[in-house]
Amino acid sequence: MKGAAVNIPSLRGKNILIGVTAGIAAYKIPHLVRLLVKEQASVKVIMTPDAEAFVTPLTLSVLSKHPVYTTFESEDHQWHSHVALAQWADVFVIAPATANTLSKMAHGGCDNLLLATYLSAKCPVFFAPAMDLDMYAHPSTRANIAQLESYGNHLIPSDYGELASGLVGEGRMAEPEAIVAQLASYFFPKKALLEGKKLLITAGPTYEMLDPVRFIGNFSSGKMGVALANMAALMGAEVTLVLGPTAPHAIVQGVKVHSVVSAQQMYEATTEAFAHTDIAILAAAVADYKPQVQAPQKIKKKTDSLTLELAKTQDILASLGAQKQQQLLIGFALETENELEHAKGKLTRKHLDAIVLNSLNDPGAGFSVDTNQVTFITRGGRQEAIALKSKREIAEDILTLIHDKFL
Ligand code: CTP
């Protein structure tokens, strides 16, 4: 899921001015406004007069909880000041941005309220082009986009996919979730915390096949590891995520995902990536045992009982601990009893720099749920308790601790 929203609270209280131009993608703007309001941003909308043919000002006014501005003068002869609107905005987002508006923005055109506001704006400006593929690829459009970027405006890249014309190609406006994610990461105060760092993260369960239709697995949802991968990317890191079989996740743009099924596949993908890694965080719930043999055909129900012989899988974390050089290596420990003692044992035995302890005895912690409560323990034995909160927030805390303690 490209460019998914990851709910970073950095848009709370921001004044966001949206400029809607006359493209069919304008039908997605009510959803964008709704998402931004949910993030607790204040939203005002300006439209070009032709945009009203694609989405009604009333819809946008109800959702944004503000009047919508289309002209310089209201029906009761009040002036809609482009200067005041530009000064109000912490950020101006022009979405959808048609080829016509891009061209006028690039060359100082000023024949409507939206363009006058653009020329007046001193805040950061984002623009999300939306048009048919040949218009998007045309050298004049490319030149206009480059021109706007040279002014310091931020492109929200168009997606590839089916267009309103029925053609397939690049030119679809970015999805509202992706626009929100790009804005949130722009305002995220920790966006450069892990810049220049290469992170390797494992997440999810592994499935060990018994026969072509059955496996030994566990209930890991992958949520904690994916939250770490997303947050690390938002902090500017280059992220490789080795992900076991899970339900689909929202994964932010730029995270390189290697999907695997078995512990052996996870071992191979992780070992290969480790050499080029600065920080490895192994959050996957890897099967400790796999069937000694995998039956080539479905096992038939012939006997009253069935004994399975299991063989140990490779301990990926221990193997990386044995070969690590300058890399930081962080493990997870999911425990149900003697939690601290077991976690510290793993920290030493597997040659880790730190371990994140999850206790299944803590309500709201562990598999499947959206929250977690952990203790971060470093090699020196120092412990930091992180209270119950969302996995996104836990990920932010863990990565901040890694930064503060080791980098
Ligand atoms: N781990 C791993 N490879 C395995 C087993 C575990 O990389 N084959 C990693 C996990 O990703 C986690 C850490 O080791 O970071 C601890 O996993 P856990 O299942 O809690 O511990 P185990 O070492 O398997 O020990 P035990 O099952 O006895 O608690």
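So, β17 gives the largest share of the shell around the ligand, with 4 residues. Keep in mind as we go that this is a predicted model. Two elements each give two or more residues to that shell: α11, at 316-323, and β17, at 328-335.

How many residues surround the ligand altogether? There are 16, and the closest are Leu282, Ala284, Phe332, Lys346 and Lys350. Sorted by class, the shell holds 9 nonpolar, 3 polar and 4 charged residues.

Now let's look at the oxygen atoms of the ligand. A polar backbone atom of Ala284 is 2.7 Å from an oxygen atom of the ligand. For Phe332, a backbone N or O atom lies 2.8 Å from a ligand oxygen. With Asp288 the side chain takes part: one of its N or O atoms is 2.9 Å from an oxygen atom of the ligand.

Let me finish with another residue, Asp76. You'll find Asp76 in the loop between β3, at 68-69, and α3, at 82-88. Is Asp76 buried or exposed? Its relative accessibility is 53%, and exposed means over 50%, so Asp76 counts as exposed. The side chain of Asp76 also makes a polar contact with the side chain of Ser74, at 2.4 Å. If you'd like a sense of scale, Asp76 and Arg382 are 306 residues apart along the chain, and their C-alpha atoms are separated by 67 Å.

Notes
Residues numbered from 1 in each chain as written. Predicted model: local features only at pLDDT ≥ 70, side-chain atom pairs only at ≥ 80, totals over all residues. Heavy atoms only, no water. Buried < 20%, exposed > 50% of the residue type's maximum accessible area, 1.4 Å probe, protein only. Polar contact = N/O pair within 3.5 Å; in protein donor to acceptor, adjacent residues only side chain to side chain. Near = heavy atom within 4 Å. Nonpolar A, V, L, I, M, F, W, Y, C, P; charged D, E, K, R; others polar.
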